[in-house]
Amino acid sequence: MVRGIRGTWCGALLLAGVLVGGVSGCGPETPPAPGGPSSGASGPAVPSATPTAPAPPSDPTAPGATTTPGTPGTPDTPGIPTTDPRPNEVLVEVVVNGGFAGVRNQLVVHYDGSWTSRSGTGPPRTGRQTPAEAAELRAALEDPAYARVPERPKGSTIADGFQYYVTYRHRLVVADDGERPPAIRRVFAALPEGGPPTNP
């Protein structure tokens, strides 16, 4: 009789548990499936992984690509180094030897047009060409015809004449009072004080 009453009581509890979604003490409790929602969770599950932003394209011509200013090969800088000389660098040096007095004079002209001339044992003379004069001298030296001038005169020298040693961009050209190529005459005409220093 006791067993029948207990069976009836357990059956009622199981039925009530099914109706209300609860658990019963009359049977083994079934654990939730792994990964399933817990008894107190509500709403959709939130993924734990956070998406990362895509890396920028490596191709500099691709859409959205970025370039660093000053990088060789980028559109803003072609990667060719500049070779512009500084204003105080020497443009040309002319040394004059010979003559009746046996002079050895020197003239140095800088890219900005400033110049220094030394004659004998006297104090050096200084000056500055106008921008137009300095441009004319640079144009005479950069003339392709000047680059083709022989480094030594081919004709016979003149007795007691002057020899002119012209150094431009590490190239030495020697001229004298004999026949001069037109490119040399153009350079001499563009020098300060009317030409190479020949006065003692």
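The mean pLDDT of this chain is 73, and 58% of its residues reach 70 or more; pLDDT is the predictor's confidence in each residue, from 0 to 100. Residues are numbered from 1 along each chain as its sequence is written, and side-chain values use heavy atoms, with hydrogens and water left out.

Where does pLDDT stay under 50? One such stretch is residues 56-63, for which the model has 7 contacts beyond four places in sequence (a contact means heavy atoms within 4.5 Å). Residues 65-82 are also below 50, and that stretch has 14 contacts beyond near neighbours in sequence. Where pLDDT is low, the predicted coordinates should not be read in detail.

**The overall build**

The chain comes to 4 helices and 6 strands, which are DSSP runs numbered from the N terminus (helices: H or I, at least four residues; strands: E, at least two). Starting at the N terminus, the elements go α-β-β-β-β-α-α-β-β-α. Take the contacts between residues at least 6 apart in sequence: 44% of them join residues at least 24 apart.

Of the 200 residues in the chain, 24% are buried. Here, buried means under 20% relative accessible area, exposed means over 50%, and partly exposed is in between (1.4 Å probe, protein chains only).

**The core**

The largest nonpolar core has 26 residues. Such a core is a set of buried Ala, Val, Leu, Ile, Met, Phe, Trp, Tyr and Cys residues joined through side-chain atoms within 4.5 Å. V92, L137, L141 and Y146 have the most contacts inside this core. At least two residues each come from β1 (90-98), β2 (103-110), α2 (131-142), β5 (162-168), β6 and α4 (182-190), with α4 giving the most, 5 residues.

Which residues does V92 touch? Not counting residues up to four places away in sequence, the list includes L107, V109, L137, L141, V166 and L191.

**Strands β5 and β6**

Let's zoom in on a few residues here. Q163 is found in strand β5, whereas V174 and A175 are found in β6. Buried or exposed: what is V174? V174 counts as buried because its relative accessibility is 3%. A175 is buried too, with a relative accessible area of 8%, while Q163 is partly exposed at 28%.

Leaving aside neighbours within four places in sequence, Q163 is in contact with V95, V96, N97, A175 and D176. On the same terms, A175 is in contact with F162, Q163, Y164 and I184, and V174 with E151, R152, P153, Y164 and Y165.

The table shows pairs of residues that are apart along the chain, with their C-alpha to C-alpha distances.

| Pair | Apart in sequence | Apart in space |
|---|---|---|
| Q163 and V174 | 11 residues | 6.9 Å |
| V174 and P150 | 24 residues | 8.2 Å |

**The loop in between**

The loop between β5 and β6 holds R169 and H170. Most residues other than glycine have a negative phi. Yet phi is positive for R169, near 55°, and for H170, near 65°. R169 counts as exposed because its relative accessibility is 56%, and H170 is exposed with a relative accessible area of 83%.

**The largest pocket**

Rolling a probe the size of a water molecule over the atoms shows where empty space is left. On a 1 Å grid over the protein atoms alone, a pocket is an open set of points where a 1.4 Å probe fits, with protein on both sides within 12 Å along at least five of seven lines; lining residues have an atom within 4 Å of a point.

The largest pocket here has a volume of about 230 Å³, the volume being the space filled by probe spheres set on the points. Its lining has 16 residues, and P153, K154, E179, R180 and P181 lie nearest its centre. Strand β6 (residues 171-176) supplies the largest share of the lining, 4 residues.

By class, the lining has 8 nonpolar, 3 polar and 5 charged residues. For this count, Ala, Val, Leu, Ile, Met, Phe, Trp, Tyr, Cys and Pro are nonpolar, Asp, Glu, Lys and Arg are charged, and the others, Gly among them, are polar.

Key: This is a predicted model: local features need pLDDT of at least 70, side-chain atom pairs count only at pLDDT 80 or more; totals for chains, interfaces and linings use all residues.
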